[in-house]
Amino acid sequence: MPKAMLVDITECVGCGVCSEACKKEQKLPGDVGKKRDYANYTVLRQEGDDVYVRELCMHCTDPTCASVCPVSALHKTPEGPVVYDFDLCIGCRYCMMACPFGVPKYEWQKPIPKIRKCIMCYDTRIKKGLPTACSQACQEEGGGATYFGERDELLAEAHKRIKENPDTYDNHIYGEHEVGGTNVLFLAPKDKPFKALQFNTKLPEEALPELTWQVLNKIPVIVPVWATFLTGMWWLNNRKEEVEENEGSKKIRDEKLEGGDNE
Amino acid sequence: MSRPKFKFTFWRVVAALILIAGAVATFQRFVYGLGYATHLSDDFPWGLWIGFDVISGVGLAAGGFTITAIVYIFNLKKYHCIVKPTVLTAFMGYVLVGTALLWDLGKYYDIWHPLVFGNHHSAMFELGVCVASYTGVLALEFASIALGKFKWLRKPVGFLKSIYIVLVILGVLISTLHQSSLGTLYVIVPEKLHPLWYSRLLPIYFFFTAVGAGLGMTVVESYLSWRGMGHEAPLPVLANLVRGMVVIQLTFFVAMFEGLIVSHKLGYLVDGSFESGMWWLEMALWVFIPTIIAFRKKWMLTRLGVFTAGFSGVLGFLMNRLNVSMTAFQWSAKVKYVPSWQEMAVSASFVVVSFIIFAYGVKYFGLFHEEDLEPIDSIEESAVKAG
């Protein structure tokens, strides 16, 4: 079953142990930054006085980045994380263009750059059945706002929280349906709903790769039809010439034309 | 053989300066990386090199499949005189696009990966495979046209000529796919592109307008070779290409405008924003101006009229592709993107290189001469007289 994370924004105290744990686990250079970039897979964004929003890869169920990648350097694992293979990558940055959450970042300062993004600690933890570094740090040292577990169990938990405390929570689980669902889920406070927290609330429920696929799946249909038409047009248009070269038929046509004029 | 003396003219000095700047920029890009040489960033990952060199470049080379289809599939023989220059430009265009892509790709040495590790759900994969295979087809088409003058190559050239129609049909098929998939690239970002340019029909728009651009570009090339070398295609032929371009652009305009109406986007046209201004400028260049010129019979009899219409169409096409790839994307991006001098120098260098190759092509391969096809000459002459 796919693993997932649930971030309950009402419980976040903004301590930032998640970002620090991520840096350590992924061996990212420098201090914890304010913006996501090649060295910061997850950061905290402060909204108002005491509301903090974690920014990280959403690990979509049907990831846009993986679908646009011409070489499948990004792909979705059965365990849930969307991971990256530098050996395949050609550095075209289509993933950065297409991601609806602006997640993939680039090593702009390097001559041979990598795409960098949260991979949900796939190699070092998920594969071994361990929770992600950020969620473990949050539960053990921080405010306990990031939970790790099975996606359907976390969804059930989120629904339960909204139902039991309708005055605390915005009645929406961000990531349940957005772009076909994601493996990172958010709960927002009632007085600061997702729109106020600058989440993109206009995203469709349909997975975005479907948009491209609706175009690309027409290709096998179009090619034979178009090929037949073009070959047919060639045959038709060049046949005229053959007909004209044939003197007999030309004569007949001329006679016919003359006859037509007389009438 | 005595070498002709090399003269320093104004344009040659300009070209040399551009190439020097391009060389410096190239050094910086490959040694210090994209971040140093470009103004690209995490918030604006595709800039001038993708928008101009690749997305516009492929479209401008569309004359190759358009003109060969007109001449060989639709058997309109009077256009045969422009097959050679357009096939050369198309071939050169595709080779340059593939080369220019090396500047933009982070791991340029793995440019072949899509051909081996392809993900067939990606529009970029389709684009890569089609551009690569079409470059191959164009190489064969060009070889059969240009290499006939070498005696020792007669046999393979003869074979290529005998299967030329197969190459033409293949070329049209592959071009249909990849001209449209340039538009498909942007279908997946509905919330990032400005509503005036986003449409799920972008692939169809891109294909049609590439045909128009191919016709316009043929006119522009003919003008340049007349200015530079005194060779040109007959004016009535070029005038008809402009008329064809205008019909395609008007058809596209109606279809696209209907799209704006049904999706309630007309308000964006008059909101006075930067984007609306760019939209009107684009439409003026590639629809309104060529249309007005094309419907004035007097103007279409003059070289100036025909070439102005063709130029305007090509500029409008460029505007459109740059608007989709940059203006429309800028609308949702968090940072302002203005290309760095290095980006402009490299793009300008590719333009200069293509001018030089084209000039040599006209000279060396006799592109505007028709020596080997007698029956067509007579048709051409009658066309000139009729015009």
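**Chains A and B: a short walk through the model**

Let me start with helix α3 of chain B, residues 48–60. A straight helix of 13 residues would span 18 Å at 1.5 Å a residue, but α3(B) spans only 16 Å between its end C-alpha atoms. The expected span here is 1.5 Å times one less than the number of residues. Helices are DSSP runs of H or I with at least four residues, strands are runs of E with at least two, and both are numbered from the N terminus. Buried means 20 or more other C-beta atoms within 10 Å of the residue's own, exposed means 12 or fewer, and partly exposed is in between, with C-beta atoms placed from the backbone.

A word on the source. This is a predicted model, where local features need pLDDT of at least 70 and side-chain atom pairs count only at pLDDT 80 or more, while totals for chains, interfaces and linings use all residues. Residues are numbered from 1 along each chain as its sequence is written, and chains are lettered from A and ligands numbered from 1 in the order in which they are written.

Next, the two chains together. In chain B, 45 residues are in contact with 47 residues of chain A; contact means C-beta atoms, placed from the backbone, within 7 Å. Several helices of chain B each supply at least two residues of that side, including α1 (10–32) and α7 (123–146). The largest share, seven residues, comes from α9(B).

Now a helix pair inside chain B. The axes of α1(B) and α15(B), residues 341–364, come within 8 Å and cross at roughly 130°. Axes are lines fitted to C-alpha atoms, for helices over the stretch in contact, and angles run from 0 to 180 degrees between N-to-C directions. That makes α1(B) oblique to α15(B), since angles under 35 degrees count as roughly parallel, over 145 as roughly antiparallel, 65 to 115 as roughly perpendicular and the rest as oblique. Among the residues that meet are B:Ala15 and B:Gly22 in α1(B), and B:Ala345 and B:Ser349 in α15(B).

Last, some loop residues. A:Val179 has a positive phi of about 35° although it is not a glycine. A:Val179 lies in the loop between β9 and β10 of chain A and is buried, with 24 other C-beta atoms within 10 Å. B:Asn75, also not a glycine, has a positive phi of about 55°. B:Asn75 is partly exposed, with 15 such atoms within 10 Å.

Technical notes
Two residues are in contact if their C-beta atoms, placed from the backbone, lie within 7 Å.
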